[in-house]
Amino acid sequence: FPVTILSPVARTSSRLVSEVCGVSEATADKVWKGLIPEYPYMRCALPKAAKLDKFSWTQGVFSQLKADGMFVNINHLEDGTVELISRSGSRFPIEQFANLADEIRMTFPAGTQTHGELIVEVGGDLQSREISNGLLNSVLKGGSFDPTDFPVLFAWDQLPIEAAVPGGKYNVPYADRYRELEQQIHAAAPHGITLIETKIVHSLEQAHEHYAEMLAAGYEGTIIKDRNAIWEDTTSKRQVKYKLEVDVDLKITGFTAGNGKNAELFGSITCETEDGELVVNVSGFKDKKQKGILTRAEIWEIRDQLIGTVMTVTSNNIMKPTKSNPKYSLFLPRFCEFRSDKSIADDLQRVQEQFENAVK
């Protein structure tokens, strides 16, 4: 293994380790303990895995908008330094967020880590996911904001920095953490920081109603949180993600090149609607053999036979055309199954109708 590549930048990239070694992130870290930095994160459970019957419905449960932004950890260090760190550990260049950093110092106490999502305003208007995340990714790669661009933080949680460590816990109920965060933002009244939209619900039916309202407004979904949930670096069964998932049938038109351990196979499968108005690269294929499911290697062996056939794809939303991409696309597309029983894919109108019906 060429140890000389392990610069500080290289060590923060799990993708690099995967590409060079051809092994998983977990395997690499077992061999070279501490090679890949860990970034704590409290993930949401899906409804079927959550302890919904244990939620404090009588007192009130938090139902929060699942916004379309980019997750960020905001560290306000004791010396006044502000750090903005993505979920994967990438550091946003703070000079591009100078105004927001000033507001963070003014709003959040030193020694805290605040969690939220960044969405970019352009000319005073909040942008869609594809535009906002595109701008943020560009800045992460060394680009810069235009004078009319302004990143806005939607915050929902906060804990001491010393608790935000791998395997860490902060044994303060969410209701108390939220109340403290609410008081900080209310007192400072910052321009670029706001609380995530939140509604207190007293039944699962009310939670579902709020979820439907957010879908109808064009958002991704909601997250419900038990008021007594502590913060911990794990998948918490005390906070549940509700989001839209729709299956659509698309035609296979090609395969993208793979890299790392998939260098001799493929990275994703390119699919499109019957009318060609929606084009998307689909991932989510298995590397290990499972009963009844083709592996990536087995799919590669029959790739020529698959061109022109139909594949079911699961996704969470439709992405509209942009200046850089004139076609419609899908958000988080994952492979579901090959449809040997179908020869005609859905057209764009049919895909749009399926999402509309799912919302209803």
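How many bridges pair S15 and S16, and in which sense? The two strands pair in the antiparallel sense over 4 bridges; two strands count as paired if DSSP finds at least two bridges between them.

## Basis of the model

This is a predicted model, in which local features need pLDDT of at least 70, side-chain atom pairs count only at pLDDT 80 or more, and totals for chains, interfaces and linings use all residues. Residues are numbered from 1 along each chain as its sequence is written, and side-chain values use heavy atoms, with hydrogens and water left out.

## Overall composition

The chain has 10 helices and 20 strands. These elements are DSSP runs numbered from the N terminus, helices being H or I with at least four residues and strands being E with at least two. Of the 360 residues in the chain, 44% are buried. Buried denotes under 20% relative accessible area, exposed over 50%, and partly exposed the range in between, with a 1.4 Å probe and protein chains only.

Among contacts with a separation of 6 or more, 70% come from residues 24 or more positions apart. A contact requires heavy atoms within 4.5 Å.

Cys 271 has Val 280 in S16 as its bridge partner. S14 and S17 run antiparallel and are joined by 6 bridges, and Leu 250 is partnered by Met 311 in S17. On the S20 side, 5 bridges join S17 to S20, again in an antiparallel arrangement, with Arg 334 of S20 as the bridge partner of Thr 314.

## Burial of S17

S17 is mostly covered, with 6 of its 6 residues buried. Val 310, Thr 312 and Thr 314 point one way from the strand, whereas Met 311, Val 313 and Ser 315 point the other way. In a regular strand the side chains alternate between the two faces of the sheet.

## Salt bridges

The count comes to 13 salt bridges, each defined as a side-chain nitrogen of Lys or Arg within 4 Å of a carboxyl oxygen of Asp or Glu. Asp 157 and Arg 177 form one of them, at 2.8 Å from N to O. This pair links distant parts of the chain, with Asp 157 in strand S7 (residues 149-160) and Arg 177 in helix H6 (residues 174-188), 20 residues apart. Asp 157 is buried at 3% relative accessibility, and Arg 177 is buried at 4%.

Arg 339 and Asp 249 form a salt bridge whose closest N and O atoms are 3.6 Å apart. Arg 339 lies in strand S20 (residues 334-339) and Asp 249 in strand S14 (residues 246-257), so the pair ties together parts that are 90 residues apart in sequence. Asp 249 is buried, at 9% relative accessibility. For Asp 287 and Lys 261, the closest N and O atoms of the salt bridge are 3.5 Å apart. Asp 287 lies in the loop between strand S16 (279-282) and helix H8 (296-301), and Lys 261 in the loop between S14 and strand S15 (266-272), 26 residues apart. Asp 287 is partly exposed at 42%, as is Lys 261 at 45%. Salt bridges that share partners join Asp 249, Arg 339 and Lys 342 into one network.

## Surroundings of Tyr 41

Tyr 41 occupies the loop between helix H3 (25-31) and strand S1 (43-45) and is buried, at 19% relative accessibility. Leaving aside residues up to four places away in sequence, Tyr 41 touches Phe 71, Arg 87, Trp 231, Glu 232, Asp 233 and Thr 234. The C-alpha atoms of Tyr 41 and His 115 are separated by 9.5 Å, the two residues being 74 residues apart along the chain.
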